[in-house]
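This report goes from the surface of the chain to its sheets, cores and salt bridges. Please keep the sequence and the model side by side while reading.

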Amino acid sequence: VFIFSCYYCICTYMIICVRKWCIGILYKHIGVGFALLVQQHRAMRRPLNVGRATGSDLHAFLFIVKCQYFYLRRYWEVDRHFKKITMKYFLLSFMLVFTCITAFASDIGDFAYEYEGQTLTYTVMDEEAGTCGLKGGDEWTSGNNVSGDLIIPSMVRNSQHIYKVIEILSYAFEGCTGLTSVTIPNSVTNIGISAFKGCSGLTSVTIPNSVTNISYSAFEGCSGLTSVTISNSVTSINGRMFYGCSGLTSVTIPNSVMSIKYCAFEGCSSLTSVTIPNGVTSIENSAFEGCSGLTSVTIPNSVTNIGIFAFKVCNGLTGVYSLNSSPPSCNDGDPFSDNIYMNAMLYVPEGFMEAYGNAEYWKKFQKIKDFTPTGIKNGIGADVNGRRKVYYDINGRRLSVLKKGLSIINGKKVIVK
């Protein structure tokens, strides 16, 4: 198609050149006719006066005028004909070029590929680099409509081209309620906005370490999701990432994470344990609001700020462990609900009860105890060098022997029978 387009463009150019050449010839003939007329006037050595001209003079004059009329008429006929041909070839050339561009664009746009019984639509990201992503959608339409167990391939083929899958675009699987599990390949580096939002049937998802970013609302409303392990390359738990995942019981946050954004785990009512690593500096507004299944939370010494309503309506909280010798600031407002201030025990590093007792919002806790957090690493109970387990009682005192009852092992409350 491209070759034919070039051919017709060349033809159009040649026709325009021929037309100009013909027009030049016509003008030349007209000029010659007028030159003959002037020459005849000079030969007669008298001005041309049609009213007093002789028969031969008048005949010669009319003959020359007739010639000029003939040439002018032929000029307009030929020019009109050339205009039609030129326009015809121009339109044909334009249509062929447009067809060529459309075909090329479709070749580098979206395409379908079947793998493990599932047909997905992909969007080319970079033709030269040979990369693509799972087709995205919008707030009303998802990019793909699938169900069952989904295994996303790392490489896909479109005609003669092979592409590497590097991204799950925004809204790629939004609202796929029949989707039960997803395996993401190591080639993927980014999961877009609301990529799996509303996938209520999704029970498990494997996120590889290649993923460096999970956008906000990526798994919002996945009420069937029970557990998730986040990639070690992710640096932020973005806003509303697991909002409304009411079936989520446990989540492992990697040490690479530095912030937990707004509403990240809001409404995860079945969440019983969460590990906040010693690298997180801020827990933003409503991050764990409504996590009524949480019984205890350990805030590592790296946390310097906790947002308003961060642990609001976490009615199951009985113990809050803060490992920072300086009380984290709560500039936006109350991070806890009133019933938590009344009923939960606040554990602070030994020797810093007074600092917490005078700090805004922290002083609202009715029960405050100090403990020795030696051996606690990254917010969980463990030996400093990680070679053996270290046990603590509910008051934070280190135990040499594990006793019956409620104890803390690796930062989690455990009942030993």
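The accessible surface of the protein chain is about 21,700 Å², and 57% of it belongs to carbon and sulfur atoms. Areas come from the Shrake-Rupley method with a 1.4 Å probe, and for residues only the protein chains shown count as cover. The model is predicted: local features need pLDDT of at least 70, side-chain atom pairs count only at pLDDT 80 or more, and totals for chains, interfaces and linings use all residues. Residues are numbered from 1 along each chain as its sequence is written, and side-chain values use heavy atoms, with hydrogens and water left out.

**Overall make-up**

The protein chain holds four helices and 27 strands. These are DSSP runs numbered from the N terminus: helices are H or I with at least four residues, strands E with at least two. Of the 417 residues, 41% are buried. Buried means under 20% relative accessible area, exposed over 50%, and partly exposed in between (1.4 Å probe, protein chains only). Among contacts with a separation of 6 or more, 43% join residues 24 or more positions apart. A contact means heavy atoms within 4.5 Å.

**Strand pairing**

Two strands pair if DSSP finds at least two bridges between them. S17 and S19 (residues 319–322) run parallel and share four bridges. Ile299 stands opposite Ser322 in S19.

Elsewhere, S2 and S3 run antiparallel, joined by four bridges. They form a hairpin with four residues between them, and Gly130 in the turn has a positive phi of about 70°. Thr123 faces Gly133 of S3 as its opposite residue. S3 also runs parallel to S6, again through four bridges. There, Thr131 has Lys164 in S6 as its bridge partner.

**Nonpolar cores**

A nonpolar core is a set of buried Ala, Val, Leu, Ile, Met, Phe, Trp, Tyr and Cys residues joined through side-chain atoms within 4.5 Å. The largest has 78 residues; Ile168, Phe173, Phe196, Phe219, Phe242, Phe265 and Phe288 touch the most other members. Elements that each supply at least two residues include S2, S3, S6 and S17. Beyond four places in sequence, the contacts of Phe288 include Ile260, Phe265, Leu271 and Phe311.

**Salt bridges**

A salt bridge puts a side-chain nitrogen of Lys or Arg within 4 Å of a carboxyl oxygen of Asp or Glu. There are four by this rule.

| Pair | N to O distance |
|---|---|
| Lys135 and Asp110 | 3.7 Å |
| Glu220 and Arg240 | 2.9 Å |
| Lys364 and Asp334 | 3.0 Å |

Lys135 lies in the loop between S3 and S4, and Asp110 in S1, so this pair ties together parts 25 residues apart in sequence. Glu220 is buried, at 9% relative accessibility, whereas Arg240 is partly exposed at 24%. Lys364 and Asp334 lie in loops 30 residues apart.
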